[in-house]
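Trainee: I would like to learn how the words used for a protein model are backed up. Could we look at one together?

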Amino acid sequence: MRQRDEMLPFPLRIEPGMPISEQLVYAVKKAIISGLLKPGSKFPSVRTVSQELRIHPNTAHKAIAVLVGEGLLEVHPGIGTVVGKIPPTPSAREMKLLEGAVEHLVVEAKNRRLRLEDLQRLVEQQWSRLTNR
């Protein structure tokens, strides 16, 4: 398990069991939605990310490409990569993806015999934690 160095503007602790590129995408998304990374702020290069996390450049590039594809990062020639603007409402595609994630969450919660109230409390705690920065 490696902790990120101070040159990266977001925290990332690499854990075994999940592809590093997915962990990187998740860490950046979390930093954006929590306000740690602001729209328009400069994002580190593939080289910087790979060096700071001690990961292969292709892994960093793959994660950054996903974030660019989702509009969370924007590439500007001569400027570099910056954090994109978050649209005010989700697209139909985003809602469909979220619906699938919620279904997985509900299945796991029911499998662990959580009550709806317990799941709602957990979701509300996470929501508050990420929006109260």
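Mentor: Here are some questions and answers about this model.

Mentor: This is a predicted model, where local features need pLDDT of at least 70 and side-chain atom pairs count only at pLDDT 80 or more, while totals for chains, interfaces and linings use all residues. Residues are numbered from 1 along each chain as its sequence is written, and side-chain values use heavy atoms, with hydrogens and water left out.

Trainee: What makes a stretch a helix or a strand here?

Mentor: Both are DSSP runs numbered from the N terminus: helices are H or I with at least four residues, and strands are E with at least two. The protein has five helices and four strands, in the order β-β-α-α-α-β-β-α-α from the N terminus on.

Trainee: Why is Q23 called buried?

Mentor: Buried means under 20% relative accessible area, exposed over 50%, and partly exposed in between, with a 1.4 Å probe and protein chains only. Q23 has a relative accessible area of 7%, so Q23 is buried. Its place is in helix 1.

Trainee: Which residues does Q23 touch, not counting residues up to four places away in sequence?

Mentor: They are L12, R13, I14, E15 and M18. Contact means heavy atoms within 4.5 Å.

Trainee: Why does G78 count as exposed?

Mentor: Its relative accessibility is 88%, and therefore G78 counts as exposed. G78 lies in the loop between strand 3 (73–76) and strand 4 (80–83). The C-alpha atoms of G78 and P9 are separated by 21 Å.

Trainee: And G84, is it buried or exposed?

Mentor: G84 is at 2% relative accessibility, so G84 counts as buried. Its place is in the loop between strand 4 and helix 4. Leaving aside neighbours within four places in sequence, G84 is in contact with P39, G71, L72, L73 and E74. G84 and I55 are 29 residues apart in sequence, and their C-alpha atoms are 24 Å apart in space.

Trainee: Which residues of helix 2 are buried?

Mentor: In helix 2 (residues 46–53), the buried ones are V49, S50, E52 and L53. After helix 2 comes R54, with a positive phi near 55 degrees.

Trainee: How do you know that R54 is exposed?

Mentor: R54 is at 57% relative accessibility, so R54 counts as exposed. It lies in the loop between helix 2 and helix 3.

Trainee: What about R113: buried or exposed?

Mentor: With a relative accessible area of 69%, R113 is exposed. R113 is found in the loop between helix 4 and helix 5, and has a positive phi of about 60 degrees although it is not a glycine.

Trainee: What makes a space a pocket?

Mentor: On a 1 Å grid over the protein atoms alone, a pocket is an open set of points with protein on both sides within 12 Å along at least five of seven lines, for a 1.4 Å probe; lining residues have an atom within 4 Å of a point. The largest pocket has 34 lining residues, of which Y26, K29, I33, L98 and W127 lie nearest its centre. Helix 1 (20–33), helix 3 (57–69), helix 4 (92–111) and helix 5 (116–131) each supply at least two residues of that lining.

Trainee: How much of the whole protein is buried?

Mentor: Buried residues make up 27% of the 133 residues.
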